[in-house]
Amino acid sequence: MVFKRMMQALGVGGPSVDTVLANPNTYPGGFLEGQVHIVGGDHAVDVEYLAVGLLTRVEVESGDNEYQTNQEFHRQRLTGSFRLEAGVRHDVPFRFEVPWQTPITELYGQRLHGMTMGLATELEVARAVDKSDLDPVMVHPLPAQERILEALLRLGFRFSKADVEKGRVYGVEQHLPFYQEIEFYPPGAYASGINQLELTFLPTPQKLQVVLELDKRGGLFTEGHDAFGSFDVDYATVDQVDWTARLDQWLRQSAQRRGLF
């Protein structure tokens, strides 16, 4: 009996958890729907709660060191406490709201290199090991984000990588403790002065905030440096703007103003 209680405390013979998403594809400000299937184990347990949460891989700078960690950034409790009898199945439906500033992971049907996103399910069982499940999630860009990305590609910028960095961006409305950077190699027209372009999207329900960072190529006797700029995109009029021309003008003016060319 003592051995059995010890095994129960370690989670052996406990309940199982399986989350099934109706559609793993979503977008910033969208939602995920699905069901969590909970099946009781070989003994009854007291469940404290069932919750789901979005998590992503985040780069953290600490002094002179950098490391990566999985960070949950939005959570939703689906149940309170309940008694789960042995062998009994519970199906818990849910609709999970995706935060507006969730990093995107997909572009034109391809995963952005460097991005990870998942929906974690946690069943908190009293006096036992937590039961969890993790399902991959694909976050596609909003139409306004697509317009900016398409314009950069038309200008000849080539995608390099994407990552999520812990910290804050100055001068914008930021809701999460991190931000995404999408990095591009410059085309020949910019390559003489710019080493790379870093793009950050910070959408809100009212507008899309776009932050651009130009990384200057350092010379033999000069150090490289960065130039920042930002602008807002109106969702209602995004299709009325020639973003290729607008971005080309903005990039050239910003680069010349800061002495990058």
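This is a predicted model: local features need pLDDT of at least 70, side-chain atom pairs count only at pLDDT 80 or more; totals for chains, interfaces and linings use all residues.
Student: Thanks. How many helices and strands does the protein chain have?

Tutor: The protein chain has four helices and 17 strands. Both are DSSP runs numbered from the N terminus: helices are H or I with at least four residues, and strands are E with at least two.

Student: Which strands sit in the open sheet, and in what order?

Tutor: The order is β1-β3-β7, with antiparallel pairing. The edge strands are β1 (16–21) and β7 (89–97), each pairing on one side only. Two strands pair if DSSP finds at least two bridges between them.

Student: And how many bridges join β3 to β7?

Tutor: Nine bridges join β3 (residues 31–39) to β7. V36 has V92 in β7 as its bridge partner. On the β1 side, β1 and β3 pair over six bridges, also in the antiparallel sense, and V20 stands opposite Q35 in β3.

Student: New topic. What is the nearest side chain of opposite charge to E124?

Tutor: For E124, that is R75, 7.0 Å away; E124 is buried yet has no salt bridge. For charge, Lys and Arg count as positive and Asp and Glu as negative, while His and the chain ends are not counted. A salt bridge is a side-chain nitrogen of Lys or Arg within 4 Å of a carboxyl oxygen of Asp or Glu.

Student: Where is E124, and what is E124 in contact with?

Tutor: E124 is found in strand β10 (residues 117–125). Leaving aside neighbours within four places in sequence, E124 is in contact with D46, V47, E48, Y49 and D130. Contact means heavy atoms within 4.5 Å.

Student: Which residue does R75 come from a salt bridge with, then?

Tutor: R75 forms a salt bridge with E72, their closest N and O atoms being 2.8 Å apart. E72 is partly exposed at 34% relative accessibility, and R75 is partly exposed with a relative accessible area of 36%.

Student: How many salt bridges does the count come to?

Tutor: The count comes to 11 salt bridges. Among them, the side chains of R89 and D91 meet at 2.9 Å, N to O; D91 is partly exposed, with a relative accessible area of 39%.

Student: What about R111 and E106: how far apart are their closest N and O atoms?

Tutor: Those atoms are 2.5 Å apart in the R111–E106 salt bridge. R111 is partly exposed at 36% relative accessibility, whereas E106 is buried at 6%. Elsewhere, salt bridges that share partners join D46, R83 and E85 into one network.

Student: Last one. What is the phi of Y108, and where does Y108 sit?

Tutor: Y108 has a positive phi of about 55 degrees although Y108 is not a glycine. Its place is in the loop between β8 (106–107) and β9 (110–111), and Y108 is partly exposed, with a relative accessible area of 49%.

Definitions and conventions. Residues are numbered from 1 along each chain as its sequence is written. Side-chain values use heavy atoms; hydrogens and water are left out. Buried means under 20% relative accessible area, exposed over 50%, partly exposed in between (1.4 Å probe, protein chains only).
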